[in-house]
Amino acid sequence: MKKEILKLRGVKVHFPVQAGVFNRVVGHVLAVDGVDLAIFRGEVLGLAGESGCGKTTLGKAILRLVEPTDGEVKYISQDDDETELTSLEKKDMDPFRKKLQIVFQDPHSSLNPSFTIFGSLQDPLKKFGIKSKEERRKIIGDLLEAVNMRREYMDRYPHEFSGGQRQRIGIVRALCLEPELIVCDEAVSALDVSIQAQVLKLLMQLKKEKNLTYLFITHDLSVTEYLCDRIAVMYLGRIVELCDSEDLYNNTLHPYSEALISAIPVADLDKQTKRIVLEGDVPSPVNPPKGCPFHPRCPKATDICKTEVPTLKKYSTNGNEHYASCHLIDLPEIS
Amino acid sequence: MEDKNNIALSVRDLKTFFYTNNRCNKAVNGVSFDVEKGKTLCIVGESGCGKSVTAATIMQLLPTLSRIEEGEIKFQKDDKIINIEKLEKNGKEMREIRGSDIAMIFQDPMTALNPVYTVGFQISENLKYHTNLNKKEIREKCISLLNDMGIPLPEKRVDEYPHSYSGGMRQRAMIAMAMACNPKILIADEPTTALDVTIQAQIFELMDKLKKENDTAIILITHDMGVVAELADNVAVMYMGNIVEAGTADDVLRRPTHPYTKALLESVPVLGRGKNQDINPIKGSTPDPYNRPIGCQFAPRCNWQTESCDVMPEITQINETHQVRCHKYEQFFEKYK
């Protein structure tokens with residue numbers, strides 16, 4: 001039986017939009033608008049979607065790097081103790097910070113240029129009680145070797161490293177407290193293809209060695225297919241499809257996922273498919289369309305899509321659970 | 001090889017060097033290719049391989065610290081052949097060609113448009129200098145261009161500033177600007193890197209249409225092999241300032257013969273191949289351009305490196321269309337027979 005590590009229920013993150021002389025709140029950006037999601041121990045869950053769909057915000061909300069406006073984030077420890085994270089005081093959050101870590105998108109801006117690598121990375125170790133400097137140096141040195149870098153590099157400054165190396169340092173930073181879950185926020189998007197493959201391989205190897213769980217946030221669906229066990233596709237702050245990664249490609253249910261997959265250029269002349277070209281842009285999350293948020297761009301939209309918001313329903317494809325939120329799915333719903 | 005009249009632009013042995021801090025960066029180090037009318041040539045490579053510099057050289061948009069060291073860029077304009085590299089950078093002739101006969105789409109639509117002028121103004125500038133249209137006609141042409149690009153309400157949008165356009169719309173406005181004078185050659189420097197995949201699909205659809213309707217030759221610069229597979233007729237793979245392999249899309253993608261091309265194709269996960277596909281990273285990283293390997297530039301990262309690789313391999317013509325720069329190409333090409 002798969003055990004859950006995180007359970008999200010109805011997570012919402014709304015940012016106020018202020019305007020005028022008195023900075024009155026004139027509206028809200030509905031960055032994440034009601035997400036239910038469970039992450040199982042030892043899996044790689046992909047979170048895919050276009051820019052502005054709220055995937056990064058959701059990743060940060062889990063770690064409370066942005067405060068969720070509403071909803072629950074439950075952490076379930078190995079001994080089945082449940083803790084609700086969003087209601088904790090800031091300092092009570094500390095033990096959970098150790099368990100949940102993040103690798104940021106841009107390796108160039110996520111390291112402080114005025115500290116050496118050791119200087120940047122030792123702080124969390126200090127905070128969590130590793131008092132002796134030798135021990136801290138040993139931990140960081142070992143991890144640097146684990147990501148195929150030299151131990152001596154810890155006394156260098158970030159500007160001495162290339163993008164791929166910095167991203168690996170970012171991974172070391174996330175690993176040094178021995179976390180259980182790592183949120184990888186577009187961890188390979190800023191890298192060149194040849195370096196991207198190196199980092200992807202490294203992430204997979206570390207997962208095996210250290211028994212990690214990843215929430216892998218990316219806009220690149222070919223990477224998710226390679227890496228992830230399950231994939232959640234987001235659109236305008238909501239999850240529109242959630243299923244096993246193979247089913248997403250072979251038994252796509254939601255028209256948005258279908259268009260997204262067809263739009264990806266495939267580096268294989270034998271696998272060229274017809275592009276489904278969506279009209280227009282992603283609507284503004286300040287004022288999302290009524291009904292199904294995807295209906296203005298959906299090639300299959302009918303009248304019901306304009307008025308009623310579809311909910312995430314459970315179906316079955318290939319004997320696997322498959323969630324999708326669309327009115328037009330022709331499969332029997334499973335309760 | 002091909003019919004001479006079909007070739008819109010022919011580049012031979014082009015070298016562009018940068019001079020900074022008393023050092024010389026051989027950014028483009030002997031590049032040759034032809035672009036045919038109505039065809040797309042994709043130039044592929046990682047960052048720093050010189051693909052953007054090649055584009056800037058053709059447009060004569062190089063910064064002051066660099067110059068064209070050697071080589072020829074022959075552009076065919078109404079049965080006349082013009083050597084672009086001989087023209088003065090800001091001379092009358094070059095200005096006539098730039099923007100009207102050869103146009104360029106830049107990588108980042110957020111910074112390539114001037115935020116203090118309306119989009120309409122920026123498109124009409126091109127028309128003002130290169131055509132004899134009057135003010136009213138220019139405006140009409142602007143609106144029809146925006147309309148062709150699929151921008152809704154072009155009559156209204158033409159007077160708006162870039163900040164009120166979304167990323168995809170800005171890129172379309174850039175394409176409208178580039179297409180304003182029906183150029184013979186369109187150079188697109190990573191036109192969709194900053195955009196989402198669904199918007200990217202829209203832009204590609206548009207470029208395909210332009211190619212078919214206007215017989216424009218397109219030079220598309222990209223780092224994404226997927227884009228190459230979808231759009232390219234011909235492909236040139238660049239590494240450290242050299243073209244290492246060139247040919248039709250079929251040649252290069254189905255029968256990659258240079259180890260670098262092979263490695264590039266194997267290093268990206270391909271959609272639809274599932275979880276069990278194997279990706280092979282290329283070891284190491286691109287060398288420092290001031291401290292280059294001697295001989296073959298890819299040798300230190302190559303799995304098939306031997307002593308003979310200390311000498312820069314010559315370009316070898318495998319068949320009519322396919323050429324490669326590797327000592328051991330025969331060994332790879334053998335397998336495809």
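## Sheets of chain A

Two strands are taken to pair if DSSP finds at least two bridges between them. On that basis, this predicted model contains in chain A an open sheet of 8 strands, ordered E6-E7-E8-E3-E9-E10-E12-E11, with mixed pairing. Strand E6 (100–103) and strand E11 (313–317) of chain A stand at its edges; each has a single partner strand, so one side of each is left without a neighbour in the sheet. From one strand to the next, the twist averages 20°. Within this sheet, strand E10 (residues 238–244) and strand E12 (residues 320–324) of chain A pair in the antiparallel sense over 3 bridges, and Cys243(A) has His322(A) in E12(A) as its bridge partner. Helix H5 (residues 163–175) of chain A lies across E6 and strand E7 (181–185) of that chain, and runs at about 175° to E6(A).

Chain A also holds an open sheet of 4 strands in the order E2-E1-E4-E5, with antiparallel pairing. Its edge strands are strand E2 (24–40) and strand E5 (82–84) of chain A, each of which pairs on one side only. Here the twist averages 25° from one strand to the next. Strand E1 (residues 4–19) of chain A is joined to E2(A) in the antiparallel sense over 13 bridges, with Pro16(A) opposite His28(A) in E2(A).

Strand E9 (residues 234–239) of chain B has 6 of its 6 residues buried, so the strand is largely enclosed by the rest of the structure. In a regular strand, side chains alternate between the two faces of the sheet. In E9(B), Asn234(B), Ala236(B) and Met238(B) point one way, whereas Val235(B), Val237(B) and Tyr239(B) point the other way, and all are buried.

E9(B) pairs with strand E3 (residues 40–44) of chain B in the parallel sense over 4 bridges; Leu41(B) has Asn234(B) of E9(B) as its bridge partner. With strand E10 (residues 242–248) of chain B, the pairing of E9(B) is antiparallel and extends over 6 bridges, and Val235(B) stands opposite Gly247(B) in E10(B). The hairpin of E9(B) and E10(B) has 2 residues between the strands, and in it Met240(B) takes a positive phi near 50°.

## The nonpolar core

The largest nonpolar core contains 186 residues. Those touching the most other members are Val172(A), Phe216(A), Val233(A), Ala176(B), Ile219(B) and Val237(B).

## Helix H8 of chain B

Helix H8 (residues 197–214) of chain B has 18 residues, which at 1.5 Å a residue should span 26 Å; the end C-alpha atoms are 25 Å apart, in agreement with that value. The helix is followed by Asp215(B), whose phi is positive, near 60°.

The buried residues of H8(B) include the run Val197(B), Thr198(B), Ile199(B), Gln200(B), Ala201(B), Gln202(B), Ile203(B) and Phe204(B), together with Leu206(B), Met207(B) and Leu210(B). Their cover comes from both chains: it includes helix H9 (255–263) of chain A, and helix H7 (167–179), strand E8 (217–222) and helix H9 (225–231) of chain B.

## The contact between the chains

The contact takes 40 residues from chain B and 37 residues from chain A. On the side of chain B that touches chain A, H8, H9, helix H10 (249–254) and helix H11 (259–267) of chain B each supply at least two residues. The largest share of that side, 7 residues, comes from H8(B). By class, this side of chain B has 18 nonpolar, 14 polar and 8 charged residues.

## Lysine 271 of chain A

Lys271(A) is placed in the loop between H9 and helix H10 (303–307) of chain A. The residue counts as exposed because it has 12 C-beta neighbours inside 10 Å, and a residue is exposed if that number is 12 or fewer.

Not counting residues up to four places away in sequence, Lys271(A) touches Val266(A) and, in the other chain, Gly272(B). Lys271(A) and Asp80(A) are 191 residues apart in sequence, and their C-alpha atoms are 45 Å apart in space.

Conventions
Residues are numbered from 1 along each chain as its sequence is written. Chains are lettered from A and ligands numbered from 1 in the order in which they are written. This is a predicted model: local features need pLDDT of at least 70, side-chain atom pairs count only at pLDDT 80 or more; totals for chains, interfaces and linings use all residues. A nonpolar core is a set of buried Ala, Val, Leu, Ile, Met, Phe, Trp, Tyr and Cys residues joined through C-beta atoms within 7 Å. A residue is buried if 20 or more other C-beta atoms lie within 10 Å of its own, exposed if 12 or fewer, and partly exposed in between; C-beta atoms are placed from the backbone. Axes are lines fitted to C-alpha atoms, for helices over the stretch in contact, and angles run from 0 to 180 degrees between N-to-C directions. Two residues are in contact if their C-beta atoms, placed from the backbone, lie within 7 Å. The expected span of a helix is 1.5 Å times one less than its number of residues. Ala, Val, Leu, Ile, Met, Phe, Trp, Tyr, Cys and Pro count as nonpolar, Asp, Glu, Lys and Arg as charged, and the others, Gly among them, as polar.
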